Amino acid sequence: MLAETIYKLMLYGFLMVLFAGAYAILYAMGRFSRLPSLIRLSYIFALLQFIAGMGMVFNDYLDLLWKGIIFFSTVAYLFIPQTMWRVVVSLHRRHDH
């Protein structure tokens, strides 16, 4: 039973990172190329990333502290690509001569 639990946690963790990366890449590509369809597609990966994160949060094996950390990072990552896009655009505008 423990091996199955660890396997599921590793799978959810892998999927969370994979989907978060796809979300960030597609979001940035959509913004850079001005293709709203890529931005919409990126949101599907954001949802999948959130679901994978919740798979870890609702696992009984982890302590409450780890569940809190994973929940926080899962929710925070929903906003990171948009925030980083704004930061990068702002920096380029400020330093563009």
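**Entry 1**

I began with Tyr43, which is partly exposed because its relative accessible area is 39%; buried means under 20%, exposed over 50%, and partly exposed in between, with a 1.4 Å probe and protein chains only. I note that this is a predicted model, in which local features need pLDDT of at least 70, side-chain atom pairs count only at pLDDT 80 or more, and totals for chains, interfaces and linings use all residues. Residues are numbered from 1 along each chain as its sequence is written, and side-chain values use heavy atoms, with hydrogens and water left out.

**Entry 2: aromatic pairs**

I then looked up ring pairs. A pair of aromatic rings is described by the distance of the centres and the angle of the planes. Rings of Phe, Tyr and Trp (its six-membered ring) pair if their centres lie within 6.5 Å; planes under 30 degrees apart count as stacked, over 60 as edge-to-face and the rest as tilted. By this rule I record four aromatic pairs.

Tyr23 and Tyr77 make an edge-to-face pair, with 6.2 Å centre to centre and 75° between the planes. Tyr23 belongs to helix H1 (residues 2-33) and Tyr77 to helix H3 (residues 64-77), so this pair ties together parts that are 54 residues apart in sequence. Helices (H or I, at least four residues) are DSSP runs, numbered from the N terminus. With a relative accessible area of 1%, Tyr23 is buried.

Tyr27 and Tyr43 make a tilted pair, at 6.3 Å centre to centre and 45° between the planes. Since Tyr27 lies in helix H1 and Tyr43 in helix H2, the pair ties together parts that are 16 residues apart in sequence. Tyr27 counts as buried, at 4% relative accessibility. I note that ring pairs link Tyr23, Tyr27, Tyr43 and Tyr77 into a cluster.

**Entry 3: Ser42**

I next examined Ser42, which lies in helix H2 (residues 36-57). Ser42 counts as buried because its relative accessibility is 0%. Leaving aside neighbours within four places in sequence, I found Ser42 in contact (heavy atoms within 4.5 Å) with Tyr23, Leu26 and Tyr27. The side chain of Ser42 also reaches the backbone oxygen of Ile39, at 2.5 Å.

**Entry 4: Leu41**

Leu41 is partly exposed, at a relative accessible area of 33%.

Conventions:
Helix = DSSP H or I, 4+ residues; strand = E, 2+ residues; numbered from the N terminus. Polar contact = N/O pair within 3.5 Å; in protein donor to acceptor, adjacent residues only side chain to side chain.
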